[in-house]
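Here are my notes on the model. Please read them with the structure open beside you.

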Amino acid sequence: MSDSAIDDFVQMVIYDHSVATGLKSCKTDQDIVDFAASRDYFFSIAAWLQYVESDSACLSESEVLGMQAIANDHWSWAFRKIAPWRALLMDGA
């Protein structure tokens, strides 16, 4: 699935430190969608969840379990949602 608003938002988080910093306060998928909208990237929660599901389809069970083990109030929670953002995390984060 390709959603240009989501793709554009994902890239903006990667390339703009201030946007990435804002992502740290997101604790739910709806928070991510709302944060994106606050930056003029509009997409539905359903589209976001499908995007995340598609991204995680190639992960191993241990990788999925590792991601689920992170509490949603941890600053890195949102960054763990998709591969391009996980790549931003340093080992041990």
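**Notes on the predicted model**

1. Start with Ser76. Ser76 lies in the loop between α5 and α6 (83-86). Helices here are DSSP runs of H or I with at least four residues, strands are runs of E with at least two, and both are numbered from the N terminus. Ser76 has 0% relative accessibility, so it counts as buried. The classes are: buried under 20% relative accessible area, exposed over 50%, partly exposed in between, with a 1.4 Å probe and protein chains only.

2. Which residues does Ser76 touch, not counting those up to four places away in sequence? They are Ile70 and Leu89. A contact means heavy atoms within 4.5 Å.

3. Some ground rules. This is a predicted model, in which local features need pLDDT of at least 70, side-chain atom pairs count only at pLDDT 80 or more, and totals for chains, interfaces and linings use all residues. Residues are numbered from 1 along each chain as its sequence is written, and side-chain values use heavy atoms, with hydrogens and water left out.

4. Now Val64. Val64 sits in helix α5. Its relative accessibility is 26%, so Val64 counts as partly exposed. Val64 and Thr28 are 36 residues apart in sequence; C-alpha to C-alpha, they are 17 Å apart in space.

5. Confidence comes next. pLDDT is the predictor's confidence in each residue, from 0 to 100. The protein chain has a mean pLDDT of 90, and 95% of its residues reach 70 or more. Among the elements, helix α3 (residues 29-38) has the highest mean, 98. Helix α5 (residues 61-68) has the lowest, 84. Where pLDDT is low, the predicted coordinates should not be read in detail.

6. The overall fold is helical in its elements: the protein chain has 6 helices and 0 strands. The order from the N terminus is α-α-α-α-α-α.

7. On dimensions, the radius of gyration of the protein chain is 12 Å, which agrees with the value near 12 Å for a compact globule of 93 residues. That radius is taken over C-alpha atoms, and the globule rule is 2.2 Å times the number of residues to the power 0.38. Along the principal axes, the C-alpha atoms fill a box of roughly 35 × 25 × 20 Å.

8. How much of the chain is buried? Buried residues make up 37% of the 93 residues. Of the contacts with a separation of 6 or more, 58% come from residues 24 or more positions apart.
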